[in-house]
Each structure stands twice: as C-alpha cells, then as structure tokens.
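Me: I have a new model open. Please show me how to read its features, one at a time.

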Amino acid sequence: MSESNHVGLWNRCLEIIRDNVPESTFKTWFVPIVPLKYEDRTLIVQVPSQFFYEFLEDKFVDLLRKTLYKVIGDGTKLMYNVMVDRTSIPNQTVNLEASNRSMAVPQKSVIRGGGNKAPNILQAPAPQDLDPHLNPDYNFENFIEGYSNKLSRSVAEAVAQSPAKTVFNPLFLHGASGVGKTHLANAIGTRIKELYAGKRVLYVSAHLFQVQYTDSVRNNTTNDFINFYQTIDVLIIDDIQEFAGVTKTQNTFFHIFNHLHQNGKQLILTSDRAPVLLQGMEERLLTRFKWGMVAELERPTVELRKNILRNKIHRDGLEFPAEVIDYIAENVNESVRDLEGIVISIMAHSTIYNKEIDLDLAQRIVRKVVRNEARSISIDDIINTVCKHFDLEPVAIHTKSRKREVVQARQVAMYLAKTHTDFSTSKIGKFIGNKDHATVLHACKTVKGQCEVDKAFRSDIENIQTLLKKKGN
C-alpha cells in the first residue's frame with residue numbers, strides 16, 4: 001500500500017462509515033477528522049480535541065476497527081493526533097498498545113492532579129524528580145476571566161510570577177464548589193514550574209495530606225513526613241476545610257506552615273468557605289490563613305458562563321447554536337463543572353439519538369440536570385430585566401454616569417436586589433455599579449419613597465417584579 005494515498009484510504013473508510021451512522025453523527029464526528037499519513041500499516045489522523053478523541057474511542061471504536069480492516073487489511077493500526085488549541089500545533093502522538101484491542105490507541109500523555117498516589121515522604125528527591133501532582137490541563141490560558149473571578153486571577157498570576165515575594169503569602173482562595181478554585185491553584189503551580197524549573201512545587205488535597213500523616217504515625221515515620229514537607233518551595237493544599245476537627249493533623253500542619261512561611265516559601269490554600277466561617281479549626285491556624293491574601297471566587301455571572309461555554313465548545317472542536325449557549329448559561333448557574341457536563345450530555349444525546357443540537361434538545365437535557373425547584377432570582381436577572389425595561393444596555397448600570405435614567409435604573413436594581421436576594425447591601429453595591437453599602441441603602445429608601453407617591457412608577461416596579469418572578473419559575 002502506497003504511503004502517499006492516505007487521503008484516498010480515509011475517503012474509502014468514510015464511504016463505509018457514512019452508510020452505518022446517521023447523517024448528523026457522520027457530520028459531527030467523522031467529517032472533522034483529517035488524515036495525515038499512512039505508513040507501517042498505521043493510519044494517522046488528526047482530531048480537533050482530546051474530548052473528540054475520547055468520544056470516538058468510547059462510541060465508535062468497533063466501527064473504526066472493522067472499517068479499517070475492510071479497507072486496508074487486518075492488523076491495521078489507527079493513531080490520533082490531538083490538536084492543542086492554544087498553540088495550534090498538533091500534539092505529539094504516542095502509540096499505546098491497548099489491552100484487549102487489536103488497534104493501537106495513542107493519546108497525549110497527561111499527568112492528572114489530585115490522585116491517590118502519595119509522594120514519597122521518606123526522602124527528598126531532586127526538584128526534577130519530584131512529581132508536583134499538578135493537572136497541566138488546569139492553566140491560566142484556559143481559565144476564563146470574568147467579573148466574579150478577576151481579583152482572584154490577578155492575585156494568582158502575581159503569585160505565579162514571584163512566589164513568596166509578594167504580600168500574598170499565604171494565598172487563601174475560597175468559594176463554592178465548582179467555581180474554579182482547584183483550576184486556579186493548579187494554574188499557579190504550573191506557571192511556577194514553567195518559570196522556575198528548580199522550584200519544588202507540590203499540589204496535594206487536604207484529604208491526602210491527612211492520609212499521609214496518619215500512615216506516618218502508624219509507621220513511626222512522622223519526622224520523615226514533616227521533613228519532606230519542609231523541603232517544599234510552593235505548597236498547594238486543596239480543600240483545607242477538611243482539616244476541621246482533626247486536631248493532630250492541624251498541629252502538624254501548623255508546624256509545617258510556620259517553617260515554610262518563615263523560610264520564604266509560598267503557601268496556597270483553597271477552601272469552600274472564608275477563614276472566618278471555618279468551624280473546628282484552631283484559632284492559631286485561622287490567624288495564619290489571613291496573614292496574606294484571602295480572595296473569593298464567586299459564582300460566574302451569565303456573561304462569564306457564556307464565555308466558558310464558548311471556550312469549551314471551541315476547544316472540543318464542536319459547534320452549538322448561539323441560542324443554545326444562551327439558554328444553558330442562563331439556566332445552569334451552580335458550577336463550571338455543571339456547564340461542561342451539560343455540553344457532554346448534549347453531544348452524547350445528539351449522536352446516540354440522531355438529534356440536531358437545538359434549543360429543544362438543550363432544554364430537555366438541562367431539565368434533567370438542573371434542580372427541579374424554582375430557580376432563584378440572581379442579580380444578573382435583576383440587572384438585565386431592569387435595563388430592558390428602561391431601554392438601557394446592562395453595562396450602563398456599572399458606569400459612573402449620573403444621567404437621570406441610568407441613576408434611576410441603578411437604584412431600582414439595588415432595591416430589587418435587596419428585596420429578592422439574600423445578598424448584603426455591601427455585596428449588592430459591589431455587584432451593581434461597584435458602590436458602597438450606604439449608596440444601596442439610599443437607593444432603597446429613594447425607590448420605596450417614590451413608590452408611595454408615584455402611581456406610574458409603582459406600576460413600573462410591579463411589572464418588573466412580575467417578569468422577575470417568571471424567571472424564577
């Protein structure tokens with residue numbers, strides 16, 4: 001078989017595949033595949049993303065194998081070249097012989113962070129030999145920035161550029177599950193390893209740290225355990241709230257923390273809540289957590305959720321209609337992980353049931369995933385509804401404009417946020433125009449007073465509230 005006719009070979013394969021799958025599946029999953037080379041009984045093809053490769057292997061591996069054997073011959077191997085989006089350079093292919101398969105299945109080598117394998121705590125390997133347990137897929141390039149995480153990201157990048165040389169030590173990142181804490185912590189570690197190859201960087205979950213400590217006590221190697229951690233230059237502890245109530249682990253970590261901080265080492269901690277809300281934690285540790293910078297990652301706004309979806313869809317080599325992206329972003333607001341899970345579910349349903357990716361499919365999938373209870377009204381809902389009523393762009397409400405219509409819309413939004421959400425006045429002010437709590441109190445008083453004397457204005461407020469309640473159902 002000539003090595004120059006890889007395109008012809010693949011086209012013959014496509015003819016067979018097309019007869020065996022629905023047309024929409026063929027266009028989504030096989031048309032984007034690009035044949036690169038055929039040599040040594042191996043056909044090398046390029047796919048848009050790691051997700052694309054994994055989906056092919058999960059759903060169509062048998063079809064691909066049978067087709068290749070029929071067109072080229074038994075024993076033919078298939079290798080994938082996965083595009084790396086941020087560099088537009090194909091990733092190196094690695095031929096990994098898969099057990100129980102007659103086809104070789106290559107994929108890019110990825111060291112996953114947060115696994116159960118504990119670092120060797122009986123010795124201190126050289127920096128190049130220490131596995132940092134970072135997930136390289138969690139980096140600054142694919143951490144999408146928005147209003148809700150802008151401060152945290154800026155601080156994180158400063159730490160990554162100059163570990164232990166900023167006032168942000170320790171850096172304490174907190175927020176609800178799924179807002180990107182683990183991603184950002186890994187991004188810091190990954191960037192530090194890129195800039196300072198000699199730094200000893202280690203990412204470890206609080207749970208794994210506790211397991212390691214317990215093992216060291218059982219094996220009478222606690223000194224070795226402490227000595228190992230005291231050699232780390234950048235220590236990242238994920239989900240520090242899991243130390244709550246575990247006194248001996250806290251005591252040991254306290255000594256490690258002190259040693260590292262006093263010797264100019266960087267500490268990065270993540271938690272699902274702020275230090276002041278951590279229960280079952282020793283006060284001396286809580287005090288140290290607040291020595292540096294405490295930064296909150298808030299739930300992503302609608303616009304940020306849209307950007308995250310667009311990035312994920314583009315990265316995976318997929319296409320979604322704009323109305324589908326808008327619907328998902330407006331209705332899936334719990335976490336970034338939920339957004340990514342919805343994308344995968346929609347693609348799976350589209351392929352398996354031969355459905356077009358449209359608003360109807362998205363609505364059915366989202367209804368199965370999102371909680372059934374009425375959706376709470378968000379500040380984004382309030383801002384968008386108020387601005388639509390007053391015929392303003394939502395961005396206007398965040399400006400310093402003193403135009404009467406902008407000021408009035410801003411005050412109404414603050415009043416409704418105070419009425420329909422559980423946010424404090426200071427939080428409302430931060431979200432609406434970056435104002436202080438006194439401005440919010442004044443706005444509420446002004447709107448309430450005008451409602452009492454202006455029937456038309458009161459009617460406007462009632463109409464806006466009716467629209468908001470519909471959004472919450």
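Reply: First, the ground rules. This is a predicted model, where local features need pLDDT of at least 70, side-chain atom pairs count only at pLDDT 80 or more, and totals for chains, interfaces and linings use all residues. Residues are numbered from 1 along each chain as its sequence is written, and side-chain values use heavy atoms, leaving out hydrogens and water.

Me: How many helices and strands are there in the chain?
Reply: Helices (H or I, at least four residues) and strands (E, at least two) are DSSP runs, numbered from the N terminus. The chain has 19 helices and 9 strands.

Me: What percentage of the residues is buried?
Reply: Buried means under 20% relative accessible area, exposed over 50%, and partly exposed in between, with a 1.4 Å probe and protein chains only. Buried residues make up 48% of the 473 residues.

Me: Which residues of α11 are buried, and what do they pack against?
Reply: They are V302, L304, R305, K306, I308, L309, N311, K312 and I313. They pack against α12 (322-331), α13 (336-352) and α15. A contact here means heavy atoms within 4.5 Å.

Me: How do I check the length of α11?
Reply: The expected span of a helix is 1.5 Å times one less than its number of residues. Helix α11 (residues 302-315) has 14 residues and should span 20 Å; its end C-alpha atoms are 20 Å apart, which agrees. Just after α11, G317 takes a positive phi of about 70°.

Me: What does the side chain of T385 reach?
Reply: T385 lies in helix α15 (residues 379-389). T385 is buried, with a relative accessible area of 7%. Its side chain reaches the backbone oxygen of D381 at 2.7 Å.

Me: How do β1 and β2 run?
Reply: Two strands pair if DSSP finds at least two bridges between them. Strands β1 (residues 34-39) and β2 (residues 42-47) run antiparallel, joined by 5 bridges. P35 stands opposite V45 in β2. This hairpin has 2 residues between the strands, and D40 takes a positive phi near 50°.

Me: How are aromatic pairs described?
Reply: By the distance of the centres and the angle of the planes. Rings of Phe, Tyr and Trp (its six-membered ring) pair if their centres lie within 6.5 Å; planes under 30 degrees apart count as stacked, over 60 as edge-to-face and the rest as tilted. The count comes to 17 aromatic pairs. The ring centres of F209 and F225 are 5.2 Å apart with planes at 65°, so this pair is edge-to-face. F209 sits in helix α7 (residues 206-218) and F225 in helix α8 (residues 222-229), 16 residues apart. Both F209 and F225 are buried.

Notes:
Polar contact = N/O pair within 3.5 Å; in protein donor to acceptor, adjacent residues only side chain to side chain.
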